[in-house]
Amino acid sequence: MEQYKLGEMEQKFANLIWKHAPIRSGELAALCEHAFGWKRTTTYTMLKRLCERHIFVNEKGIVSVQMTKEEFQGAQGEQFVNETFHGSLPLFLAAFTKRKKLSSKDIRELKQLIHEYEEDAHD
């Protein structure tokens, strides 16, 4: 099982936690029963899996975020680039832009990001 790949229900469950965290595990089980029709044991099994991946933590019955949604998405992107393009962001961008043209706004934002990283590298 890869750490940053989630199945469809894992993703829905994670989104529910990110939306409501911190949340008592009992309240989370009730939310999952309503949203997904899950039994309490299903919720706890799924929670355990995501806690083992260090996305969430369940301490003393309180479920909290260990990795924000944005951090998780960044890690997913990094994992994808590493696996598919041998860690090369330029190769990824080249492949991406062959199928989808960048807008002027996209180009400006990418240039700004690069400029900010260049400034940080000089500090």
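Glu10 is buried, and Arg53 is buried too, where buried stands for under 20% relative accessible area, exposed for over 50% and partly exposed for anything in between (1.4 Å probe, protein chains only). The two residues also form a salt bridge, with their closest N and O atoms 3.3 Å apart; the term covers a side-chain nitrogen of Lys or Arg within 4 Å of a carboxyl oxygen of Asp or Glu. Glu10 sits in helix H1 and Arg53 in the loop between H3 and S2, so this pair ties together parts that are 43 residues apart in sequence. Helices (H or I, at least four residues) and strands (E, at least two) are DSSP runs, numbered from the N terminus.

A word on the model itself. It is a predicted one, in which local features need pLDDT of at least 70 and side-chain atom pairs count only at pLDDT 80 or more, while totals for chains, interfaces and linings use all residues. Residues are numbered from 1 along each chain as its sequence is written, and side-chain values use heavy atoms, with hydrogens and water left out.

Across the whole structure, a search turns up six salt bridges. One of them joins Lys12 to Glu8 (3.3 Å, N to O). These two are four residues apart in helix H1, which puts about one helical turn between them. Lys12 is partly exposed, at 39% relative accessible area, whereas Glu8, at 59%, counts as exposed.

Now for H3 as a whole. The helix runs over residues 40-52, and at 1.5 Å a residue its 13 residues should span 18 Å, which agrees with the 18 Å between its end C-alpha atoms; the expected span is 1.5 Å times one less than the number of residues. Thr43, Met46, Leu47, Leu50 and Cys51 are buried in H3. Looking down the axis, these buried residues fall within an arc of 140°, so they line one face of the helix; the arc is taken from the directions from the helix axis to the C-beta atoms. They pack against helix H1 (8-20), helix H2 (25-36), strand S2 (56-59) and strand S3 (62-65), with contact meaning heavy atoms within 4.5 Å. Thr41, Lys48 and Glu52, on the other side of H3, are exposed. Just after the helix, His54 takes a positive phi of about 65°.
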